[in-house]
Amino acid sequence: MRLTGNLWQATRSLRFRLALSYVLFFTICMLVIGGFFRWTLQGIIQGEVDDALEEEWGAAKGYLQVVAYGPDWFYDAYDPEESFIVSRLQRVFLLTDANGKPVMRSPVYDAIGVDSPTEIRSILQSGKPMLRTKYDNGEPYRIRSGKWVDKNQVFYMAVGKSMAEDEHILGRFTRDYFLMLPAVLLLGSVFGWYVAGRALDPLNSVSRTAQRITSSNLNTQIRPRGAGDELDHLIETFNAMMDRLNRSFEQIRQFSTDVSHELRTPLTVIRGQLEVALFTAKTPEQYREAMENALEEVERLSSIVRALLLLSQSETGQLVLQKTGVDLAETVRDIVDQFQIPAEGQGVELTSQTPDHCVAPADRIQFERLVSNLLSNAVKYTPAGGKVKVTLASLPEQVRLVVEDTGAGIAAEHVPHIFERFYRVPSAEPEKGLGLGLSFVAWIVKAHGGTIHVDSEVGVGTRFTVTLPAGENGTRRLASEAAEREVAP
Ligand code: ATP
Ligand code: MG
């Protein structure tokens, strides 16, 4: 059972199929070549026999003469060569009158079958010689027949030659060739199997390596053979894929480490505060303060969890954008208004510059989240006396949002990382942030098909420039839609 299973498996293998197609192709080639050679050989042999017959026909004409009692052979009986030629001519020979009545015939010709008078008459009428192959018990005879005229008398003459010897040569060739064929095919199969095995070896090595890969050795690479062929290309593709997998796995690992780290800090604080409440607090004020501190950290914890949930939803594609024609100008003005009070509280001057309307396809909630994240950063990282400015501009086919501040700025080495989750620029005064805001911003911009760009100088300020596509028909058509909506009850 197991053996037949293995056998079946082997016949399904690429190696077997490659070797089989090679052998099949080889067999067909050998058969075609053998057939072609046999056909050519037969043609050559027949051509030679026909030439010899032509000569014999000429000789027969030379030795035959019509005399008073009819046609007869005339030659020097004492000349062994002439006697030999004539006796050979007489071996397969037929001579009839114009009506097909035999005048001379050899026993062999009798055995082959004397030509019918109709046949003879038609050959005589055409006046052209005829070449045919006739058989006596399977033995082939080549016959050359035609008209012979002597002393005004017309005869039908046929000279023949056995082709048994030639047939034998052809037969031997065919037999030897086809006997040799299985041996050649066997050799061909062994060679085909070996070559297919060698060609597929790298594939097996890829599959063996792939089997060995687990999450702990994702950095495994297969060494290219340096042949520069399709298999090397496959190996390179495989290695590149492993590289990508390894990197994203690394990111996930890093993310889990970051998350546990982020969750541990507030948890430690909560624990500390609860311990204070339990063991050291004496007065109601002290209890209250410990509880308030614990509550603050619980809030921080919930906001981390909320943000993580949203992030993971956005990254796994569960958070789908609900794009409608949104008046971005109005949205920006609303959010700027909301930030006026905290900005004032921090002594930061917050201004905005927007067109009256700027409608583009966007998810309103996500766009609001984008603007408020950028604004909260700008206000948060700008010291008192600084300025924050928000500008929205409608360009052809694009909308541009710029949030700039005169705040702390970001050092060049940190800029490439600020969109990473939990990344916060290390600073002397630890800010209360999760380091998740810009990850969101980046996702929202990407989901809208836009781009984001940062220019920053430490101590001078930071500028975030977001460009979003304005949709297929630009902002105008959508502007009229927005107007209609405003009129609608
Ligand atoms: P969260 O937004 O999650 O509450 P966060 O503001 O610290 O926390 P991000 O918004 O992702 O996190 O910003 C990442 C880091 O980039 C910030 O910690 C800050 O160091 C830096 N950064 C962002 N915006 C500015 C800015 N306008 N000026 C100076 N630094 C900035
Ligand atoms: Mg932020």
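Which residue forms a salt bridge with Glu56? I will come to that after some housekeeping.

This is a predicted model, where local features need pLDDT of at least 70, side-chain atom pairs count only at pLDDT 80 or more, and totals for chains, interfaces and linings use all residues. Residues are numbered from 1 along each chain as its sequence is written, chains are lettered from A and ligands numbered from 1 in the order written, and side-chain values use heavy atoms, with hydrogens and water left out.

Now the answer: Arg88 pairs with Glu56, their closest N and O atoms being 3.0 Å apart. A salt bridge here is a side-chain nitrogen of Lys or Arg within 4 Å of a carboxyl oxygen of Asp or Glu. Arg88 lies in helix 3 (residues 80-91) and Glu56 in helix 2 (residues 14-63), so the bridge ties together parts 32 residues apart in sequence. Helices are DSSP runs of H or I, at least four residues, and strands are runs of E, at least two, numbered from the N terminus. The whole structure has 16 salt bridges.

Next, ligand 1. A polar side-chain atom of Asn377 lies 2.8 Å from an oxygen atom of ligand 1. For Lys380, a polar side-chain atom is 3.2 Å from a ligand oxygen. Gly437 instead uses a backbone N or O atom, 2.9 Å from an oxygen atom of ligand 1.

What supplies the shell around ligand 1? Helix 10 (364-380), helix 11 (437-447) and strand 14 (461-469) each supply at least two residues. Helix 10 gives the most, with three residues.

Methods. Polar contact = N/O pair within 3.5 Å; in protein donor to acceptor, adjacent residues only side chain to side chain.
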